[in-house]
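Have the structure open as you read.

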Amino acid sequence: MLDSKVAVIKIGSNVLTQSNGLPDLDRMAHLVSQIQELISKGKKIVLVSSGAVAFGRQSIPLPEKLNPVFKKQIWASTGQIKLINQYQELFGKLNQPIAQILVTKEDFRDRKHFLNMKNCVEALLQQGILPIINENDTVTITELMFTDNDELASLTAAMINADTMILLTNVDGIFTGNPSEPGSQLIEKVASSMPEVSSYISATKSSFGRGGMLTKYAMAKKSADLGIQVIIANGKKDGVLSAFADKSLRCTWFEPQKVKHATKKWLAHGAQYYKAEITINEGAKASLTSSVIRSLLPIGITKIEGEFSKGDILLIRDEKGEKIGLGRAEYTSKFAIERLGQKNQKALIHYDYLYLFDHD
């Protein structure tokens with residue numbers, strides 16, 4: 001485990017919820033005191049917290065037959081107030097100011113929104129204020145939702161250039177089988193060179209969370225590939241964050257690769273946010289995937305689908321339709337169509353704003 005200066009800590013709903021579905025206030029207080037301990041040691045912390053639905057469920061009884069989407073919206077919106085008030089009370093006792101930020105996927109899609117959000121979080125951290133981030137469940141439904149808060153934590157860690165992401169769940173990490181079976185072993189380290197370990201993972205979802213361990217693994221791997229160390233650990237265990245600080249934590253640790261450029265981190269998470277698609281010829285594909293860093297020029301583009309503005313994310317495909325990568329547009333689709341296939345034109349995607357997928 002490596003030292004950490006800037007960490008995103010995600011607390012799962014199954015950590016903050018008792019088996020009866022009500023909030024676990026003792027666990028919450030215990031985690032708050034440890035987060036405060038990390039901040040007092042000079043670490044910058046951003047908290048991504050689930051648990052709003054459990055707080056809503058506790059205080060608002062709803063008819064059984066009510067549409068489940070409405071139920072979720074009502075519990076999330078009423079519970080969010082209670083959740084943040086509980087954090088306010090607990091951190092207030094420790095003289096730690098907090099701020100609430102509610103986000104949607106759209107905030108990450110638009111570069112201007114994204115930078116505004118990044119600047120806001122960084123300004124809070126500079127002033128010693130703890131940002132607590134959650135999804136704005138009230139306005140986001142289905143396709144606009146994050147897979148779960150693991151995805152939100154992963155995007156946040158990339159956004160603020162965190163060196164560490166800690167995903168607190170109700171098990172010690174990823175096991176070689178079902179964690180409840182006696183023969184299952186904890187996988188303590190996922191090295192960047194390791195073969196795929198997702199085959200071990202049980203696909204069953206937790207009772208309160210939206211995502212299972214497979215989502216955690218996918219998000220953890222992506223973050224580690226961007227140069228962020230990731231820890232999946234048991235938030236139900238006493239002293240979990242103190243053990244992280246003194247490097248005695250029993251967990252699954254994802255070894256980070258070399259740190260990627262900040263914009264590439266944003267692009268890496270853009271697979272669901274792209275505005276348009278471009279198809280490139282074999283020559284352009286060979287050029288982009290060679291060891292020499294190159295930009296994408298209009299001469300290598302054969303087709304443009306969809307409209308886009310300068311700064312939007314574009315998905316790049318080869319002529320077989322295979323996804324090659326993502327890039328940020330240097331100019332509009334109108335301008336790009338006029339220059340399609342032409343020589344001596346300005347690059348549509350500069351290499352600094354190009355993220356290629358792995359095709360190992």
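Predicted model: local features only at pLDDT ≥ 70, side-chain atom pairs only at ≥ 80, totals over all residues.

**A helix pair**

The axes of helix α7 (residues 149–159) and helix α8 (residues 213–225) come within 9 Å of each other and cross at roughly 5°. Residues are numbered from 1 along each chain as its sequence is written, and side-chain values use heavy atoms, with hydrogens and water left out.

**Who meets whom between the helices**

- D150, E151 and S154 in α7 meet K216, M219 and S223 in α8; contact here means heavy atoms within 4.5 Å.
- By class, this α7–α8 contact has one nonpolar, two polar and three charged residues. Ala, Val, Leu, Ile, Met, Phe, Trp, Tyr, Cys and Pro count as nonpolar, Asp, Glu, Lys and Arg as charged, and the others, Gly among them, as polar.
- Axes are lines fitted to C-alpha atoms, for helices over the stretch in contact, and angles run from 0 to 180 degrees between N-to-C directions.
- Helices (H or I, at least four residues) and strands (E, at least two) are DSSP runs, numbered from the N terminus.

**The sheet**

- Five strands form an open sheet in the order β10-β9-β11-β12-β13, with mixed pairing; two strands pair if DSSP finds at least two bridges between them.
- β10 (301–305) and β13 (354–356) stand at the edges with a single partner strand each, so one side of each is left without a neighbour in the sheet.
- Helix α11 (residues 282–289) packs on the sheet and touches β9, β12 and β13; its direction makes about 100° with that of β9.

- Five of the five residues of β11 (residues 313–317) are buried, so the strand is largely enclosed by the rest of the structure. Buried means under 20% relative accessible area, exposed over 50%, partly exposed in between (1.4 Å probe, protein chains only).
- I313, L315 and R317 point one way from β11, while L314 and I316 point the other way.
- Four bridges join β9 (residues 276–280) to β11 in parallel, and E277 stands opposite L315.
- Five bridges join β11 to β12 (residues 323–328), running antiparallel, with G327 as the bridge partner of L314.
- β11 and β12 form a hairpin with five residues between them, and G321 in the turn has a positive phi of about 90°.
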